[in-house]
Amino acid sequence: MRKYFGTVQKRVGLLISVLDLIVVITNFIFATKRSDLFFALKDMGVWLMLLVGIPFFLSIFFENRFYKFLQFSLFILIGSINIMQDFTEFYGPSLFLISWLLMRQYGFLDKHRILKNSLMLGSLVVLSQISANVNTAEGAYAGFSTLWYALFLILMLLVIWQDILKNQEDLKKENRFLKINYKELEAQLTEIESEKKPYDLKAAKISPAEERVIKVLTIYKASNREIAERLDIAESTVKLHLYNIYNKIGVDNRFAIIDLCKYNFS
């Protein structure tokens, strides 16, 4: 089942396909209640919803740029229809917003971002104003309430999105730093193995108390409790020493310390 849930495209396709099927069945049942079965089978609402769901269903099985484009394009199309039908409802702008998020996720905004964002927002404004002029006597003014709310929601999502992107970049930098550290440690381990050379604890600024913890850990492969008992210190103190040792040496587990320091103590 994982292959049907592995990417955003497939998860979106599956979600919309399921919802579309529920809507189609519901519309068919209501159409049957209003009239006979023959009338229900001729109901364009049923067939239109079924037609819209087919591309989303296919996108579950075929991972490519075409289906990504089809997904957000259908959201724009349905959103445009909703705005033209009723500009006061938020269904249309929210579908535009979903389309914009998918475009960002799929990389369609990587190039000419300002132009594409302007076109999206401009389309939203134009459609709302046309709908307001057609459907109300108040004209253009009536469409601005929905637009302001849509703009507010977009700006809020942008603020959150930018923070998420910043955190992702920080994690990538940290991951690159850890990879560099592991490569250096791997080189040191190779040198230690070939020469049976003790690890330079002084260069790593290991204190005497931390060195005693390393010694007991390395010789006895001891747990935190055993180290605490052998050194007659609190277990919380052992944890603090290990935390400092990890940071100073550049490792994230006790087994790496044992490997590095196995020639330090007889």
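The expected span of a helix is 1.5 Å times one less than its number of residues. The model discussed here is predicted.

Q: How many helices and strands make up the secondary structure of the protein?
A: Along the sequence the pattern reads α-α-α-α-α-α-α-α-α-α-α. Of the 266 residues, 33% are buried. The secondary structure comes to eleven helices and zero strands.

Q: What share of the contacts with a separation of 6 or more joins residues 24 or more positions apart?
A: Contact here means heavy atoms within 4.5 Å. Among the contacts in the protein with a separation of 6 or more, the share from residues 24 or more positions apart is 61%.

Q: Why do the buried residues of H10 line one face of the helix, and within what arc do they fall?
A: The buried residues of H10 are Val 238, His 241, Leu 242, Ile 245, Tyr 246 and Ile 249. An α-helix has 3.6 residues a turn, so residues three or four places apart point the same way. Viewed down the axis of H10, the buried residues therefore line one face, within an arc of 140 degrees.

Q: Where do the buried residues of H9 pack?
A: In helix H9, residues 224-231, the buried residues are Asn 224, Ile 227 and Ala 228. These cover an arc of only 100 degrees around the axis, which puts them on the same side of H9. On the other side, Arg 225 and Glu 229 are exposed. The buried residues of H9 pack against H8, H10 and H11.

Q: Is Asp 232 buried or exposed, and at what relative accessibility?
A: Asp 232 is found in the loop between H9 and H10. Although Asp 232 is not a glycine, its phi is positive, about 55 degrees. The cut-off for exposed is over 50% relative accessible area. Asp 232 therefore counts as exposed, at 70%.

Q: What covers the buried residues of H8?
A: H8 has 13 residues and reaches 18 Å from its first C-alpha to its last, close to the 18 Å expected. Buried in H8 are Glu 210, Val 213, Ile 214, Val 216, Leu 217 and Thr 218. What covers these buried residues includes H9, H10 and H11.

Q: At what angle do the axes of H8 and H11 cross, and which residues make the contact?
A: The axes of helix H8 (residues 208-220) and helix H11 (residues 254-261) come within 9 Å and cross at roughly 90 degrees. That makes H8 roughly perpendicular to H11. By class, the contact has five nonpolar, one polar and one charged residues. The contact is made by Ile 214, Leu 217 and Thr 218 of H8 and by Arg 254, Ile 257, Ile 258 and Cys 261 of H11.

Q: Which residues does Glu 210 touch, not counting residues up to four places away in sequence?
A: Glu 210 lies in helix H8. Its relative accessibility is 4%, so Glu 210 counts as buried. With residues up to four places away in sequence not counted, Glu 210 touches Lys 205, His 241, Asn 244, Ile 245 and Lys 248.

Q: What is the relative accessible area of Lys 205?
A: Lys 205 is placed in the loop between helix H7 (144-195) and H8. Although not a glycine, Lys 205 has a positive phi of about 60 degrees. Lys 205 is exposed, with a relative accessible area of 67%.

Q: What distance separates the C-alpha atoms of Tyr 263 and Thr 218?
A: Tyr 263 is found in the segment after H11. Tyr 263 is partly exposed, with a relative accessible area of 25%. Tyr 263 and Thr 218 are 45 residues apart along the chain, and their C-alpha atoms are separated by 9.2 Å.

Definitions and conventions:
Residues are numbered from 1 along each chain as its sequence is written. This is a predicted model: local features need pLDDT of at least 70, side-chain atom pairs count only at pLDDT 80 or more; totals for chains, interfaces and linings use all residues. Side-chain values use heavy atoms; hydrogens and water are left out. Buried means under 20% relative accessible area, exposed over 50%, partly exposed in between (1.4 Å probe, protein chains only). Helices (H or I, at least four residues) and strands (E, at least two) are DSSP runs, numbered from the N terminus. The arc is that of the directions from the helix axis to the C-beta atoms. Axes are lines fitted to C-alpha atoms, for helices over the stretch in contact, and angles run from 0 to 180 degrees between N-to-C directions. Angles under 35 degrees count as roughly parallel, over 145 as roughly antiparallel, 65 to 115 as roughly perpendicular and the rest as oblique. Ala, Val, Leu, Ile, Met, Phe, Trp, Tyr, Cys and Pro count as nonpolar, Asp, Glu, Lys and Arg as charged, and the others, Gly among them, as polar.
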